Amino acid sequence: MTSRIPRDSRLRLVRPRPLAAAPRAVNQRRPRRPAPRPPEGTPAPAELAGMARAGLAGAVRVARWADAALGPGRHGATTDGKATLSDATAERAAADLGLSAAQIRADWDTARLAGLVEVHGDSARPGWRLRAWDRDDSAVLRGWVALFDAWSLASPEPEGHEPAAVAEVVSAMPQVLSFLQLSAGPVPVEQLLDLLQQRVTELRTERCEVAYEPGTGRPAGSPAPAAAAPADDAPLAPLLDWALRALASVGALTYGGGQATLTPLGSWAVWVKLEQICVAAQSPAGNIEQSAEDMLRGCAQLRPNAARAEYRAWLAARPVGSAVTELIDAARGDDALLRGLAFEALRVVGAPAEPDVRAVVEEPALRPYALLWLAEHDGVDPEDAHEVLTREEATWLWVDTAAAVADHGEAPMLVRHLESAVQPTVPQLLDEVRAVGHPRTVQVLVALAAAHPDPALAKAVRRAAFQVHTGG
């Protein structure tokens, strides 16, 4: 039988094309979902970032001083060689920067909460946000939002209050902030106090599972406490005052004269949080509660837009750090499709995933994906990002993507995948595929041979699969 398909005896690939979209071979296009617009009157991101830079200038100054003065190899490093803020270090920073030691400690704490420095045990290192501070507005805004999220740690808790009562107020403050955001102007503290009392009552009702003695705030039959009054009887006005002062200290609102007003940064941050909650509540495919691996499997059959919406919903429902760890663990598995989808989800995460992605660059299975991710994150056009890969890395990625297509796609898609190879001819491709040592090489070549309509090309691919299988 002869083939009716014209072929080149040298088995040249048709329309050779650089590996621009190999990790997205299963979903060739990656349309972007329009981002929701903030409320009218919200400053532009660049202006918001300028406000955040101004508010965090002291924290940045201390973080940069620590990076320069205490980093490894510095002559002036502390005696233990670690960038810790001991009493001696605080005094030294105060002398170098012309500030008080107390101000240095306050700025250091702010830098930690904003992610400008990362503390590991008894040592610290510069955070990724510090490196990107001057060039990346999104890094600045994410740093400020991290500080906003940690407002309850920014000021000491008021003394004489039960921890349970403080926790209730912290849990209730998002509703208070939402009310401030919707009001779009000054709100009397008395009105905020009334709202806080209502929300705290709701929280207590939601968690109440035992009968309480009337007026005592303790379970029926239990002995009376010897010390402080129960949390249910704690006055909330002092705690609201503490919360508003703490939020003012991080720049989220202004507080004085018996009223509070969200700053532009605070209003924008509350809107961002509300949008995250809405996205999480509208998961199109219902994968919010799934593990990263199961979520990615659920997204495998979705169109790119729907998949990205699902990634956003899944990410909004959990802390960013643990979500990124889960996604990278899923990428380390045996399923090549999940590997590609995991890095698509990490693109949705954006800058907060950068340290974790950089940490896996030396892992052979993840290196090409990580390099492409980092190139796009640094501003390289996605169509040109493949240029950061060596020929060997591009070939490894071609095989990995082919494995995903073979496992989850259709035969014509696998044949079309040939066009994304960097090699100009099939013989060159086969030689380099055999040399790269991907664990799925044999299965990929067998699947490609079975799918390709050209008998001569299929025969050459089968021969290569046999040689890899036998070690020839």
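Helices (H or I, at least four residues) and strands (E, at least two) are DSSP runs, numbered from the N terminus. This is a predicted model, in which local features need pLDDT of at least 70, side-chain atom pairs count only at pLDDT 80 or more, and totals for chains, interfaces and linings use all residues. Residues are numbered from 1 along each chain as its sequence is written, and side-chain values use heavy atoms, with hydrogens and water left out.

View 1. Is Gly55 buried or exposed? Its relative accessibility is 63%, so Gly55 counts as exposed (buried means under 20% relative accessible area, exposed over 50%, partly exposed in between, with a 1.4 Å probe and protein chains only). The C-alpha atom of Gly55 is separated by 8.8 Å from that of Trp144, although the two residues are 89 apart along the chain. Zooming out, the chain holds 22 helices and 5 strands, and 45% of its 472 residues count as buried. Of the contacts between residues at least 6 apart in sequence, 66% join residues at least 24 apart; contact here means heavy atoms within 4.5 Å.

View 2. Two strands pair if DSSP finds at least two bridges between them. Strand 3 and strand 5 have 2 bridges in the antiparallel sense, and Pro188 has Gln259 of strand 5 as its bridge partner.

View 3. Look next at Ala184, in the loop between helix 8 and strand 3. Most residues other than glycine have a negative phi. Ala184, though not a glycine, has a positive phi of about 55°. This alanine, Ala184, is exposed, with a relative accessible area of 71%.

**View 4. Helix 9 against helix 10.** Helix 9 (residues 189-207) packs on helix 10 (residues 237-249) at an angle of about 110°, with 10 Å between their axes. The pair is therefore roughly perpendicular (angles of 65 to 115 degrees count as such, those under 35 as roughly parallel, over 145 as roughly antiparallel, and the rest as oblique). Their crossing is right-handed: a crossing is right-handed if the near helix is turned clockwise from the far one by less than a right angle, and left-handed if anticlockwise. Helix 9 contributes Val189, Leu192, Leu193 and Leu196 to the contact, and helix 10 contributes Ala237, Leu240 and Leu244. These divide into 7 nonpolar, no polar and no charged residues, where Ala, Val, Leu, Ile, Met, Phe, Trp, Tyr, Cys and Pro count as nonpolar, Asp, Glu, Lys and Arg as charged, and the others, Gly among them, as polar.

**View 5. Helix 14 alongside helix 15.** The axes of helix 14 (residues 320-331) and helix 15 (residues 336-349) come within 8 Å and cross at roughly 160°, which makes the two helices roughly antiparallel. Helix 14 passes helix 15 in a left-handed crossing. Residues of the contact include Val324, Leu327 and Ile328 of helix 14 and Ala342, Phe343 and Leu346 of helix 15. The contact divides into 12 nonpolar, no polar and 1 charged.

**View 6. Helix 17 against helix 18.** Helix 17 (residues 367-377) and helix 18 (residues 391-408) pack at about 110°, their axes 9 Å apart, and are therefore roughly perpendicular. Among the contact residues are Arg367 and Tyr369 of helix 17, with Glu393, Trp396 and Asp400 of helix 18. The contact holds 6 nonpolar, 1 polar and 3 charged residues.

Key. Axes fitted to C-alpha atoms, helices over the stretch in contact; angles between N-to-C directions.
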